[in-house]
Structures are given as C-alpha cells and as structure tokens.
Amino acid sequence: MAERWEAAAFKARVDEVLHRFVAGEADLLAAVDPALAPVAERLEEAVAVGKRLRAAFCYWGWRATRQPDSDALLRAAASMELVHAAAVVHDDLIDDSPLRHGRPTAHVALGAAVRHHPRAADAARSLAMLVGDLLMSLAGQLFATSGLPAAYLGRARPLWAALARDLIAGECLEILHTGGAPDTAASLKVIRYKTAKYTVEQPLLIGGALAGAGERLREGFSAYGLPLGEAFQLRDDLLGLFGDPHRTGKANADDVRGHRPTALLAETWRIAGPDERERLRALLGRDDLGEDGLEDVREVMRRLKAPDRVENMIAARVQEALGALHDLDVPVPAAGALTALAHSAAVRLS
C-alpha cells in the first residue's frame, strides 16, 4: 500500500480477504446439509458491506509502530470486521431491528427458512443467534491463521479476551438500562463498552500489540481511541433518529420504540420540564409509534437543543482524540491516516 492513506484501496483489500474467507466457510457449512444453505447465506450477507473502520484502526496500530505493510497483518486486521459482523447480528436480534444497510436483518431474513416451524419467529431468532456465534468464532480463526508469527499473535491474544468481555458488558448494560430512567452517565458507559472500545481502541491496541508497541504508544492509542469511539456512537445515535433512512439503511424509529438508553435521549430527559417528560413517557417504548409520534419526540429534542448538545459532545471528543494523536511520536503516514479516520468516523451521513 502507498504511504498516503487511500481509504477506498484499503477497503477493497479487506473486502477481498473477508469475502473469500467467509465464502469458503459458508460453503463448508452448506456442504453439511442442503437445509443449511439459508444459514450459510446469512454468513456471507453479514460481511457483504461495511466501512471497514475497525480493520483500518488495527492496520494503523501496526503501522504506527513503524511496521511495514503486510498481507498477513491485513488478514489479522480483517478479523476485526468479523467481530463487528457478529456484534451486529446479535445487536439486531436483541433490539429486534428489521433493517441493516437497507436489507432485512438476519433474524428477519431467516424467517423464510422456518415457515413450517411451530414457533417460526423464535426459530428464526435462534438461527440468527447461531450465525452471530459462528461469526465470532470465525474472527478468531481468521486472526490465528493470518500468517503472522506465533510470537506476534501471542502478544495480542490477551486483548481478545478484553475485547469480548467489554463488548458483552456493554451489550448487557444496554439491556439492563433499556426502559429505565434516562441517565447521561449511564448512557455514556454503555457507549464506551458496547461500541467505543471494540470500534477504535481495541483494534488499535491489537495492531500495536502485534507489532510490539511500547507502553507509551499503547497509552496514546487508548487516549485517542476511547473518545473517538464514543464520538462514533454519539453520531450513530443522532443518525438513528434524525438521519435519512435511505442513507443509514436502518429504521429510524428503533431507538424510540425500544426506549433505548441513548445519550441523545438522556440529554433530552435531563433538561426536560415536567410537561415534556410526560409527553416523552407517553411516546417512548411504544411498538405502535407512528411517524407523527416520532416527529413529536424529535420536536421535543429540537426545542430543548438536545441534538446540539450531542453535537458538542462529538466535537469535544474528536478534539480530545486528535490532541492525543498530536502528542504521539508516530510516522507521518500513520498520523495522517489516523487524523482522516477520526474525521470519517465522527462526521458521516450513514
């Protein structure tokens, strides 16, 4: 890869690795029995599209440690995208989301395969859960067979345990706080553990560990990665309610209908008066919430300037991340790429 960061070229390389690897695994699964074909298709669908940000952060964690471009490292970095694919399948299942990237989510798509089942909806959800489990297993397999030396892989292996633990902790915290009284501190903790760590910080740390990064660089990766990961999810919260579904590929009523503990809702609640809170209570968590009700929620948020407050939170975190990056002694190409990635992660339309 050229020293100048070329996001599209990098994405194409990761896509090639992922599509070839998962296609091979899907073929092996389908070969067990023809009935497994729909499940195998979901494996391939899970990695069909994506920005490949997590792979990019892992790659530049390696390059920031002054290591050269490497196809083996790229395979290891691509495994981060399988972690993400697994998390997405499970998250959509937990949230009962119907769409992802404008396409039916795994548990919805698999409904056609179990129409004969006496509890078809439950069966489809069970299949989706197993797809997510297999994707997480495949992430470890791709990492272990990346072609990097065993000593390199050994340095990074403990970070995988932390990644899985933090991701599960964040998902559990979201479930435990869903439907409860909105609280900004609790919402930010969910964001940090459910998204920020495995999206930015941990891929960087894993890339750095593979390359033998020292303590100061690892600390810098965390100082950059945590606020940037939080900014990424805060942007996602805004897009989830105020974004264009044709761009985001997701139903924009999900967070309100699910009464999820987003920072956007928590900030709205924090500054809302009694009448506004009463209105929100009548709308949050309703399965039958229509577009009029959704617009009522948006209007309350706009009137209280909650979206502006979240925008300020995003800007502050991006600035914090870039400040931490500025303090690090990393090669110019790595600094440029990590700067570009910070902007693309926090300033986006989908």
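Q: What makes the contact between Arg103 and Glu45 a salt bridge?
A: In this predicted model, the side chains of Arg103 and Glu45 come to 2.6 Å, N to O. The cut-off is 4 Å between a side-chain nitrogen of Lys or Arg and a carboxyl oxygen of Asp or Glu, so the pair of Arg103 and Glu45 qualifies at 2.6 Å.

Q: Why is this pair said to link distant parts of the chain?
A: Arg103 belongs to strand 2 (residues 103-104) and Glu45 to helix 2 (residues 37-46), and the two are 58 residues apart.

Q: Why are Arg103 and Glu45 called partly exposed?
A: Arg103 has a relative accessible area of 33%, and Glu45 has one of 27%. Buried means under 20% and exposed over 50%, with partly exposed in between, so Arg103 at 33% is partly exposed and so is Glu45 at 27%.

Q: What makes Glu230 and Arg317 a salt bridge, and which parts does the pair tie together?
A: The closest N and O atoms of Glu230 and Arg317 are 2.8 Å apart, and the limit is 4 Å. Glu230 is in helix 9 and Arg317 in helix 15 (residues 306-326), so the pair ties together parts 87 residues apart in sequence.

Q: How do you know whether Glu230 and Arg317 are buried or exposed?
A: Relative accessibility is 6% for Glu230 and 15% for Arg317. Buried means under 20%, so Glu230 counts as buried, and Arg317 does too.

Q: Why does the contact of Glu299 with Arg302 count as a salt bridge?
A: Their closest N and O atoms are 3.9 Å apart, which is within the 4 Å limit. Glu299 and Arg302 are 3 residues apart in helix 14 (residues 291-303), so about one helical turn separates them. Both also belong to a network of salt bridges that includes Glu276, Glu291 and Arg303. By this rule the count comes to 31 salt bridges.

Q: Why is the pair of Phe57 and Tyr224 called edge-to-face?
A: The ring centres are 6.3 Å apart and the planes make 65°. Phe57 lies in helix 3 (residues 53-63) and Tyr224 in helix 9 (residues 215-242), 167 residues apart. A search of the whole structure finds 5 aromatic pairs.

Q: How do you know that Phe57 is buried, and Tyr224 likewise?
A: The relative accessible area is 0% for Phe57 and 1% for Tyr224. With buried meaning under 20%, Phe57 is therefore buried, and Tyr224 is therefore buried.

Q: What makes the charge of Arg155 one that sits over the ring of Tyr152?
A: The charged end of Arg155 is 4.5 Å from the ring centre of Tyr152, and the distance limit is 6 Å.

Q: Why does Arg165 count as exposed?
A: Its relative accessibility is 53%, and exposed means over 50%, so Arg165 counts as exposed. Arg165 is found in helix 7 (residues 150-177).

Q: What describes the packing of helix 12 and helix 13?
A: The axes of helix 12 (residues 263-271) and helix 13 (residues 274-283) come within 8 Å and cross at roughly 140°. Residues that meet there include Trp269 in helix 12 and Leu280 in helix 13. By class, this contact has 3 nonpolar, 1 polar and 4 charged residues.

Notes
Residues are numbered from 1 along each chain as its sequence is written. This is a predicted model: local features need pLDDT of at least 70, side-chain atom pairs count only at pLDDT 80 or more; totals for chains, interfaces and linings use all residues. Side-chain values use heavy atoms; hydrogens and water are left out. Rings of Phe, Tyr and Trp (its six-membered ring) pair if their centres lie within 6.5 Å; planes under 30 degrees apart count as stacked, over 60 as edge-to-face and the rest as tilted. Helices (H or I, at least four residues) and strands (E, at least two) are DSSP runs, numbered from the N terminus. Buried means under 20% relative accessible area, exposed over 50%, partly exposed in between (1.4 Å probe, protein chains only). A charge sits over a ring if NZ of Lys or CZ of Arg is within 6 Å of the ring centre and within 35 degrees of the ring normal. Axes are lines fitted to C-alpha atoms, for helices over the stretch in contact, and angles run from 0 to 180 degrees between N-to-C directions. Contact means heavy atoms within 4.5 Å. Ala, Val, Leu, Ile, Met, Phe, Trp, Tyr, Cys and Pro count as nonpolar, Asp, Glu, Lys and Arg as charged, and the others, Gly among them, as polar.
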